[in-house]
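Thanks for coming. I will take confidence, then the chain contact, then the cavities.

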Amino acid sequence: MGPANEPTDEMLVARACGDDAEAFSLLYRRYRLDAWNMAGFLLRNHHEAEDAVQETFVRAHRALQQYQRRNNTFRPWLLAICRNVCFDRIRLSKRRPILSLSDLPVEEHSGKPTDHDLRIDFRRALDSLPLKEREAFLVVDVMGFRSEEAAEILGVSAASTLRSQLARARQSLAPLFADPPQPARPRPKERLA
Amino acid sequence: MTPLRCQDCWPLVLDRHRSQAIEHHLATCSVCAQMIAGTERAAAAVRDSIPAPEPGLDARVLAAVEQDAKARRRRRLSVPHLRASRPRRQLAALALASFALALAITAGALPGGRSEPAEASAVPIDPLTAACGSDSGRLVVAGTWSGSEGKSFARVLGRFERRSGIRVSYAYETHDIAAKLGTRIDRGCPPDVALLPQPGLVDELAREGQIQPLDRATRTLVAHNYSSGWRQLTEFRSKAYGVWFKAADKSTVWYRTDAFRRAGIAHPPRTWAGLLDDVSALHRTGLEPLAVGGADGWTLTDWFENVYLGEAGAARYQLLAQHRIPWTDPSVVAALRRLAGLLGTPALTGGSAESLRTSFEGSVNRVFGPRANAAIVFEGDFVRSFLPASSAAREAGMFPFPARRSTGRAPVVVGGDVAVAFDREARSRQLMRFLATPAAAEPWARHGGFVSPNRDFDRTAYPDPLTRQVADALIGARTVRFDLSDQQPPAFGAIAHQGMWSILQHFLANPNEVGATARRLESAASAAWACERANHGRC
């Protein structure tokens, strides 16, 4: 069955509301990686992220009727739940440190910058961003949501606000990965003509 | 065609807009090309840093969803049977039976002298709902542990179930157990017993008359099994309300025993002055004495709390925790000054810039990792779980946070979970009594990640010597105070990039700004507490 014949999220939600476990299982498989990526990014610990993914889908399953009443798109709705779950866990475990997914020993050494240095600099740059900017970068650039959807997931009232946060995040992070400046390229002749 | 400016062009491209004007601008603009490529690579770097989920995750999640759905269906189908409507005669019979069982439980044997079955009966684990639902007939126990911790606690309850014959269910609330309990109390259906992560809640619930004082038998057990410091944390108007079950020691300092030997330090320091002497001796060996995980602001709050408790004493610590004295109090200024004397000395820490770049995990790695270059890291007992598999980690030792003065033992900053009973049912009292016994701690302690504050607990049950040492420090403490930042409104005490975390990071970078730091702390604390009071804890 090609993509055109696959049931939409709304169809699956309607079936899942009628206690169709298979329908919910399909929804889970569609969006499990989104939830995993968000939880992994926010919690930075794979045990915590696993618990968060589980709690996200349990909460979502319980709230399916509310989703139907909202008549909204499923993916942003689910990830808004996931974000709430992650923040609940962060708040709960705020005194318990969490192991980093990318365990980077922070040590200085001289010499030419390497990929390792770049990763360290990037991690520091990412961690130094305000939370809202980090989240905007995650949801739009890492996960590929449009800014309107991202605003809904992140509970930002206006997409323009989110775009401002996103721009600041990009301005902080992009230069770390940008190529060194190149000499200006000559314009193609046809353009000069 | 209106020409585009760079600041308009590259964001549009990244937002997947394309037009002729954009294409025209892109063809000639290296700035936009750099921003687009840089952003895409940064996003790819984040994606690469998140590993794939474990293969078993799908089955686990779908099973949890199914189990939750089944539990909800059961609740919908079962006959409503509110606990309040249970006939008094039935309660009396239950009380008699429970009383007869109590001795057997505390003695660690089943009625009739049978030994405990090896296989655990499954204690149901469900989220704690705001709605009352129907009465399953089980004793409902609420707590904050989910996931593997929830399962460990269910093992504890399973042992109680097997020994007492009382059926128990466990309901967890990971977000805001105080709010959920408040709702359940308002609706007349609190759980029978709850394990609370904050002693402040015990005071509040006791003041409102929502929880019951311990009965005489449990009081006797608690008096025997817990030090006075722990007992005082759950007393309200001279009555004992709680049984501490799980504890965390936030006053442990971890060090390399080989580094201490090389520096000629025979014993770990017991006083602040001794610590200063020892870090100087370590510095002379060429090692950086201290690794500070200042990139995680909470490590700095823990530093402050321990210094402040030693400096100001337990009574003043509690006043500050409740914001009944301002953060500009001279005692706070003195503690900040003391902290600056240690953490603000670059030779001892590698400098504030290095400390602010180092995460908690990084600080443990700097002492115990494969390329260790420091000798001491301060943090709670959970450091034990973060020791890497390295030769340096095999040299790990632990000593209690040094006392301010040479006389007496240092007070200890702790965290933990305390059990309280909402009703006077005999079976709730029985569970409380069980939780006060060493037998309750054993199933979790054996699996690791658990320390019992019960001084009667057999320390050989802990899986390793360091956990045993942590447990000894905890139960030996005369004065214990609960983690101060955990008693603050989250906006002030618990969130990165703001409040205490951020202000203390700024202080680490600018250790001369003692007075200004105190004023910043007071300003942020005042705002957070005002919001908390105005919004009933919903800030």
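Predicted model: local features only at pLDDT ≥ 70, side-chain atom pairs only at ≥ 80, totals over all residues.

Residues are numbered from 1 along each chain as its sequence is written, chains are lettered from A and ligands numbered from 1 in the order in which they are written, and side-chain values use heavy atoms, with hydrogens and water left out.

Chain B averages a pLDDT of 83, and 88% of its residues score at least 70. Within chain B, helix α5 (residues 88–106) has the lowest confidence, at a mean of 35, and strand β10 (residues 374–378) the highest, at 97. Helices (H or I, at least four residues) and strands (E, at least two) are DSSP runs, numbered from the N terminus. The scores for the model are ipTM 0.79 and pTM 0.55.

Next, the chain contact. Chain A puts 70 residues into it and chain B 65 residues. About 6,100 Å² is buried between chain A and chain B, with carbon and sulfur atoms giving 56%; buried area is the accessible area (1.4 Å probe) that two parts lose on being put together, summed over both. How many salt bridges are there between chain A and chain B? The count is 4, with a salt bridge taken as a side-chain nitrogen of Lys or Arg within 4 Å of a carboxyl oxygen of Asp or Glu. Arg29(A) and Asp58(B) form a salt bridge at 3.6 Å, N to O.

Now the cavities. A cavity is a set of points, on a 1 Å grid over the protein atoms alone, where a 1.4 Å probe fits but cannot get out, and lining residues have an atom within 4 Å of a point. The structure has 5 cavities of 30 Å³ or more. The largest holds about 80 Å³ of space, and its lining includes Trp272(B), Arg338(B) and Phe401(B). Helix α13 (residues 297–312) of chain B gives the largest share of that lining, 4 residues.

The second largest cavity holds about 60 Å³. Among its lining residues are Leu300(B), Leu339(B) and Phe507(B). Two or more residues each come from α15 (330–343) and α23 (499–509) of chain B.

Conventions: pLDDT = per-residue confidence, 0-100. 1 Å grid on protein atoms, 1.4 Å probe; cavity = no way out; pocket = protein on both sides within 12 Å on 5 of 7 lines; lining within 4 Å. Points joined across faces, edges and corners; volume = space filled by probe spheres on them. Contact = heavy atoms within 4.5 Å.
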